[in-house]
Amino acid sequence: MERPEAGTSELGKSVVTAGSRAAEPERVVVGTDPAAHEPVIALDAMGGDNMPRAAVEGAIKAHLAGAKVVLVGDENVLKPELANLGGVDLEIVHASDVISMDEHATDVRRRRDSSVMVGMRLVKDGRADACVSMGHSGATMAAALLVLGRLSGVDRPAILANIPKADGFVALLDAGANADCRPEWLRQFALMGSAYVERVWGVERPKVGLMSIGEEPHKGNELVREAHGLLVATGGLNFHGNVEGRDLFSGLVDVVVTDGFTGNVILKLAEGEARTLFGWVRDALMSDLRSKVGGLLVKPALRRVAERMDPAEYGAQPLLGVDGYAFIGHGSADARAVASAVRTARQAVRSGALGHLRNALEGAAVSVSG
């Protein structure tokens with residue numbers, strides 16, 4: 001179904017002061033269909049370290065920004081939370097169970113009343129357009145596959161992560177869904193990533209790079225070398241060739257394809273390095289009086305950079321390849337991250353991304369068979 005944007009725990013205070021924050025960074029999702037209806041976002045309000053409080057706060061923020069949010073979880077827990085936060089009228093769909101972070105992803109098969117399973121069924125049944133979960137990522141992926149199924153032409157879904165670069169973002173996939181991959185899967189990731197970035201981010205004919213240890217086609221392990229040949233032969237794909245880790249932030253390409261093990265290491269390394277670098281800068285600016293004065297002058301600019309690199313500004317990442325809109329967020333998400341995740345899902349639906357992915361996969365299948 002494709003029907004045709006706002007942290008502390010003191011919700012009232014955060015809403016009142018939101019306008020005084022530094023200018024928000026450039027949004028990842030830019031392409032929308034003006035004729036599209038307002039999407040309904042099913043939010044797993046129980047999965048995650050800071051739930052349900054963060055989910056309810058985030059849902060209220062998103063609601064105040066114009067989004068339609070349905071909270072999925074134990075109504076005996078969610079109703080008091082809503083009442084404590086001002087009694088905003090949000091729909092609640094009851095789910096009696098929740099998959100915790102230390103449980104197995106495969107538990108979704110027998111725990112059909114878990115919040116993530118109920119959320120996915122809302123999408124499947126047409127009562128919601130997208131499901132967002134900040135809980136167990138493996139369980140979220142398993143629930144999406146079990147309930148929504150795969151798109152035609154897709155063997156394995158992939159998580160797309162947005163990595164900040166000088167003039168916007170680069171899409172990295174797979175960011176952790178598939179530790180071991182086959183060459184054909186990387187080709188599918190490339191097609192899906194390219195279609196998503198073109199439709200949702202508004203990038204015309206995105207350039208696709210294959211992560212390797214050298215630019216030359218013969219560089220890399222067996223997986224990379226075989227995938228390179230498939231990507232070269234894929235019609236309609238704007239394949240740049242191999243890229244190296246240093247190219248990720250340079251703007252050389254718009255989409256970087258790799259296996260989920262490598263992608264997740266890259267993502268966590270980038271996030272950790274950003275935190276470390278900002279810590280070093282903070283320590284240096286507090287080292288003496290002159291540095292402290294200079295720090296006051298550069299503080300607004302540094303805040304903008306920090307927000308641009310903060311995963312909470314984007315909230316969740318799409319799981320591409322399932323037959324519906326599913327988004328996976330950080331387990332430690334706060335209310336701001338939840339609101340951002342709803343915004344990301346909302347705009348992705350409005351862009352008609354799912355239909356564009358279908359067309360890209362079908363077109364590639366025709367070109368290969370032809």
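A salt bridge here is a side-chain nitrogen of Lys or Arg within 4 Å of a carboxyl oxygen of Asp or Glu. The structure is a predicted model, in which local features need pLDDT of at least 70 and side-chain atom pairs count only at pLDDT 80 or more, while totals for chains, interfaces and linings use all residues. Residues are numbered from 1 along each chain as its sequence is written, and side-chain values use heavy atoms, with hydrogens and water left out.

By the salt-bridge rule, the count comes to 13. One of them joins the side chains of Asp 97 and Arg 111, at 2.7 Å from N to O. This pair links distant parts of the chain, 14 residues apart, although Asp 97 and Arg 111 both lie in the loop between strand 3 (91–94) and helix 4 (115–124). Helices (H or I, at least four residues) and strands (E, at least two) are DSSP runs, numbered from the N terminus.

How exposed are the two partners? Asp 97 is partly exposed, with a relative accessible area of 22%. Arg 111 counts as buried, at 12% relative accessibility.

Arg 111 also meets the side chain of Glu 103 in a salt bridge, with 2.9 Å from N to O. Glu 103 is partly exposed, its relative accessible area being 26%.

Another salt bridge is formed by the side chains of Glu 244 and Arg 246, at 3.2 Å from N to O. Glu 244 has 18% relative accessibility and counts as buried, whereas Arg 246, at 62%, counts as exposed. As for shared partners, salt bridges join Asp 97, Glu 103, Asp 107, Arg 110 and Arg 111 into one network.

The next topic is aromatic rings. Rings of Phe, Tyr and Trp (its six-membered ring) pair if their centres lie within 6.5 Å; planes under 30 degrees apart count as stacked, over 60 as edge-to-face and the rest as tilted. A search of the whole structure finds 1 aromatic pair. Phe 169 and Trp 201 form this pair, which is edge-to-face, with 6.2 Å centre to centre and 65 degrees between the planes. The pair links distant parts of the chain, 32 residues apart: Phe 169 is in strand 7 (residues 168–173), and Trp 201 is in the loop between helix 6 (183–200) and strand 8 (208–211). Phe 169 is buried, with a relative accessible area of 7%. Trp 201 counts as buried too, at 8% relative accessibility.

The backbone also has some points to look at. Most residues other than glycine have a negative phi, and most peptide bonds are trans. The peptide bond from Met 51 to Pro 52 is cis, with omega near 10 degrees. Pro 52 sits in the loop between strand 1 (40–44) and helix 2 (53–64). A cis peptide bond also runs from Leu 173 to Asp 174, with omega near 15 degrees. Asp 174 belongs to the loop between strand 7 and helix 6.

Arg 205 has a phi near 45 degrees, a positive value in a residue other than glycine. Arg 205 is found in the loop between helix 6 and strand 8, and is partly exposed, with a relative accessible area of 49%.

Terms used. Buried means under 20% relative accessible area, exposed over 50%, partly exposed in between (1.4 Å probe, protein chains only).
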